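Colleague: I am new to reading models like this one. Could we go through it together, one question at a time?

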Amino acid sequence: MEHQTNGYTLEDFVGEMTAIVEQNKSDDELVVDAERLVGKLVQSDSWLPPAKRKPSNDSYARHSLYCDPKDRFEVIALVWKPGQRTGLHDHDGTWGAEGVVAGQIKAENFIQLEEISSNVVKLKHSNTIVISQQSTGKLLPPADCHILEAVGDQTAITIHVYGKQLRKFRVFSPLAEEGIYLAEEKQVEYTPKK
Ligand SMILES: [Fe+2]
């Protein structure tokens, strides 16, 4: 699929997103607006500089694109070699929207049903979708857990916006009983510039 050049840039996105977070909307309204704007942003990739398109051999690469100075949202680019994937994880209680600028990503989505204890949770698989180039998805607690995986044979690049700077999240490992997971907190890292 050829990218259209519509002239919409990261700067335009940040301007529109900033105007939206200043309107005191609820999270379920914000995430709809964020997904719509991410959809505009991923119609073109000419705004994304080469340094933010670099993959990593160790895991998917995580590049920071923008942090709102009042911490009301952040924008990142993830770069995935074919087959690279995340574990099953949440997003520290915030909303998120994602869009694909290159390749394809598979999202296995889960809903958090119950906090059984401080590190044991009950999750339910809700659906699995493949998000293609120029398309989007979203997450909103309690439907805010997923596994993302690059599918197909080309490097994938995805753009993510969250309702705050994501500094930590939880990774879930299945326990013996179906639907029950051990939750471990992880600190978020950005891929270092080389
Ligand atoms: Fe995620």
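This is a predicted model: local features need pLDDT of at least 70, side-chain atom pairs count only at pLDDT 80 or more; totals for chains, interfaces and linings use all residues.

Colleague: What share of the 194 residues in the protein chain is buried?

Modeller: Buried residues make up 32% of the chain.

Colleague: Why does the radius of gyration agree with a compact globule?

Modeller: For 194 residues, a compact globule would have a value near 16 Å, and the protein chain has 16 Å, so the two agree. Along its principal axes, the C-alpha trace spans about 50 × 40 × 30 Å.

Colleague: What makes S4 and S7 a pair?

Modeller: Two strands pair if there are at least two bridges between them. Strand S4 (residues 96-102) is joined to S7 by 4 bridges, so the two count as paired, and they run antiparallel. Within this pair, glutamate 98 stands opposite glycine 137 in S7.

Colleague: And where do these strands sit in their sheet?

Modeller: They belong to an open sheet of 5 strands in the order S1-S2-S9-S4-S7, with antiparallel pairing. Strand S1 (61-67) and strand S7 (136-139) are called edge strands because each pairs on one side only. From one strand to the next, the twist averages 20°.

Colleague: Which helix packs on the sheet?

Modeller: Helix H2 (residues 27-41) does, touching S4, S7 and strand S9 (156-162). The direction of H2 makes about 10° with that of S4.

Note on methods: Residues are numbered from 1 along each chain as its sequence is written. The radius of gyration is taken over C-alpha atoms; the globule rule is 2.2 Å times the number of residues to the power 0.38. A residue is buried if 20 or more other C-beta atoms lie within 10 Å of its own, exposed if 12 or fewer, and partly exposed in between; C-beta atoms are placed from the backbone. Axes are lines fitted to C-alpha atoms, for helices over the stretch in contact, and angles run from 0 to 180 degrees between N-to-C directions. Two residues are in contact if their C-beta atoms, placed from the backbone, lie within 7 Å.
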